[in-house]
Amino acid sequence: MVQICSWVFCFIFGLGVHQTAALITSRSQPISLRMEDDQWLGLGGNAMAASTMYMDDMRIPPNAFLPGGRGGRDMRKISETLTQNYTKALEESAEPTACDATPDPGTRTLLRTLVPPYHGSTALEVMLMSSGKVGTLCKSKTWQCEGSKLFRSSSVNRSVNMAEKLETFSQFWDSSKPVLLEKSTDRLMGVLQDDMDLWDTPVPKKLKREGVTFLQPRYILMYRPLCLWALSTKAAAFVEKEARRHAQKELRHLEHLAEIHKHFKKLGRAPLVISYADLLWNPDFTQLRVEHYLPCLGSLDMDFLPKLGRDIFPKNEFKVSVGIRSFGEHIDPKECCNYQVGSPASSTKGRCMKPDGDDGNSDVGTLKSYLTPFELTRYEAAFAYLRKFS
């Protein structure tokens, strides 16, 4: 049904620093690509940039590859319209801002990303890293710069108290930056307790010595529409074997994200909600929303590529060879995922389309056929809630 990742050409996800990628199948013929360290291969002709770092968020189904980025030009037109017309609408909207453009010298925004594992969390991290005002944990040399990986020696990560976590993180954050980023996808289930602990935990000693007097936690929440499972190597493999279990797992992820948002919204600190589909296929729209939510971030760059030795380090196993915008432009959302991209300029939301019926795998493409009517009702309710805020 699905070609599993013997040829994975990921936006950020590969198989090793020195490994070369072999083939990717377009609609016409195989394309040969060679990967080299720290080299952006470009998108000339039928070539698609590939990555040498494996993270699983991004997989290119062979029939969805757009050799010339044909769909991308349409996306760029939407982005241009947004750039011209959407900024004012954002300023007049009720969407909150989570920090000041010029924050108090002693205040740091502790930005945590709320994304299930293998659902695009590293793509989101790359976008945030493009700001020159973000301190990451990449100097810790952990896999994917994830904070929780610093506590592998603990039998259960949640047993490490918040004070110890912050003291450890502070050894690697650049405290001169107004935003301190922490990505720990395996802590999603404990985020509400973590938030309470954060407010009760004193500023780490190292940060205090460097003039920091207050850490304010803020969140960006990102969900993945159900039909985008085909972009994940892990999900593609799982769906072939246990599609129903995977559909149920996606339902739990979505419901949990919705409950997290409801909780913080009641507290008056609603996270910014992003659709993974918008990150890929409406990048400028996503950029504007994040910049509006976090003025302290400054400007973001959807074509950004982290530099080895400056932004990332070999032990992060984090090789990036193509920017978010370029990746989205070379993937056909309908062919890969049966997804219809929305147009924020006209307030049209993206959606997973109903199966066409001309493909034996169409029902699997949505995964909805593997949910019971009650589960499907729950899924639609959680999805509608999150989509309302994205």
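Visitor: Is Cys99 buried or exposed?

Guide: In this predicted model, Cys99 is buried, because its relative accessible area is 6%, and buried means under 20%.

Visitor: How should I read a disulfide, and what do Cys99 and Cys296 show?

Guide: A disulfide is a covalent bond between the sulfur atoms of two cysteines. Here the sulfur atoms of Cys99 and Cys296 are 1.9 Å apart. The S-S torsion is about -95°, so this disulfide is left-handed. The pair ties together distant parts of the chain, 197 residues apart: Cys99 sits in the loop between helix 1 and strand 3, Cys296 in the loop between helix 8 and helix 9.

Visitor: Which hand does the disulfide of Cys138 and Cys145 have?

Guide: That disulfide is right-handed, because its torsion is about 100°. The S to S distance is 2.2 Å, and both cysteines are buried.

Visitor: On to rings. Why is the pair Tyr379 and Phe383 called stacked?

Guide: You describe a pair of aromatic rings by the distance of the centres and the angle of the planes. For Tyr379 and Phe383 the centres are 5.8 Å apart and the planes are at 15°, so the pair is stacked. Both residues lie in helix 12, four residues apart, about one turn of the helix, and both are buried.

Visitor: Which residues do ring pairs link into a cluster?

Guide: Phe151, Phe169 and Trp173. The search of the whole structure turns up eight aromatic pairs.

Note on methods. Residues are numbered from 1 along each chain as its sequence is written. This is a predicted model: local features need pLDDT of at least 70, side-chain atom pairs count only at pLDDT 80 or more; totals for chains, interfaces and linings use all residues. Side-chain values use heavy atoms; hydrogens and water are left out. Rings of Phe, Tyr and Trp (its six-membered ring) pair if their centres lie within 6.5 Å; planes under 30 degrees apart count as stacked, over 60 as edge-to-face and the rest as tilted. Helices (H or I, at least four residues) and strands (E, at least two) are DSSP runs, numbered from the N terminus. Buried means under 20% relative accessible area, exposed over 50%, partly exposed in between (1.4 Å probe, protein chains only). A disulfide is a pair of cysteine sulfur atoms within 2.5 Å.
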